[in-house]
Amino acid sequence: TQIFPGKDTRKRMIDRGVTSVEGTVGLCVAATGSVKEAKMMESTGYGDYDKELLAAVRGWTYPPTPADDTSAPVCSEVEFTYTLE
């Protein structure tokens, strides 16, 4: 999933000569497939963009994860890289 920073964040990146940023979001998914927790593990350096990433991830849904014929919760991390073009 592509999540782009807002116009103001992109402008700040350009003004600072930054060509790309990376951030990592930790998330835990309930047995039902809904995201129960999401938090920044590594900031992009742009608070507004971090908030956009968290908001988007919190809206994700996954198919239930089978574990011995039942669904189980799972936690993982997702890395995001945004490059100005």
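Trainee: How do you know that the span of helix α2 is close to what is expected?

Mentor: Helix α2, residues 47-58, has 12 residues, a helix here being a DSSP run of H or I with at least four residues, and a strand a run of E with at least two, numbered from the N terminus. The expected span is 1.5 Å times one less than the number of residues, and α2 reaches 16 Å from its first C-alpha to its last, close to the 16 Å expected. This is a predicted model, in which local features need pLDDT of at least 70 and side-chain atom pairs count only at pLDDT 80 or more, while totals for chains, interfaces and linings use all residues. Residues are numbered from 1 along each chain as its sequence is written, and side-chain values use heavy atoms, with hydrogens and water left out.

Trainee: Which residues of α2 are called buried, and what makes them line one face?

Mentor: Buried means under 20% relative accessible area, exposed over 50%, and partly exposed in between, with a 1.4 Å probe and protein chains only; in α2 the buried residues are Tyr 49, Asp 50, Leu 53, Leu 54 and Val 57. Seen down the axis of α2, they fall within an arc of 140°, so they line one face of the helix, the arc being that of the directions from the helix axis to the C-beta atoms. On the other side of α2, Lys 51 and Ala 55 are exposed.

Trainee: Why is Glu 42 called partly exposed?

Mentor: Glu 42, which is found in strand β2, has a relative accessible area of 43%, and therefore it is called partly exposed. Glu 42 touches Gly 23 and Thr 24, not counting residues up to four places away in sequence, where contact means heavy atoms within 4.5 Å.

Trainee: What makes Ala 72 buried or exposed, or something in between?

Mentor: Ala 72 lies in the loop between β4 and β5, and with a relative accessible area of 22% it is partly exposed. Ala 72 and Val 29 are 43 residues apart in sequence and 8.8 Å apart in space, C-alpha to C-alpha.

Trainee: How do the residues lining the largest pocket divide into nonpolar, polar and charged?

Mentor: Ala, Val, Leu, Ile, Met, Phe, Trp, Tyr, Cys and Pro count as nonpolar, Asp, Glu, Lys and Arg as charged, and the others, Gly among them, as polar; the lining of the largest pocket has five nonpolar, four polar and no charged residues.
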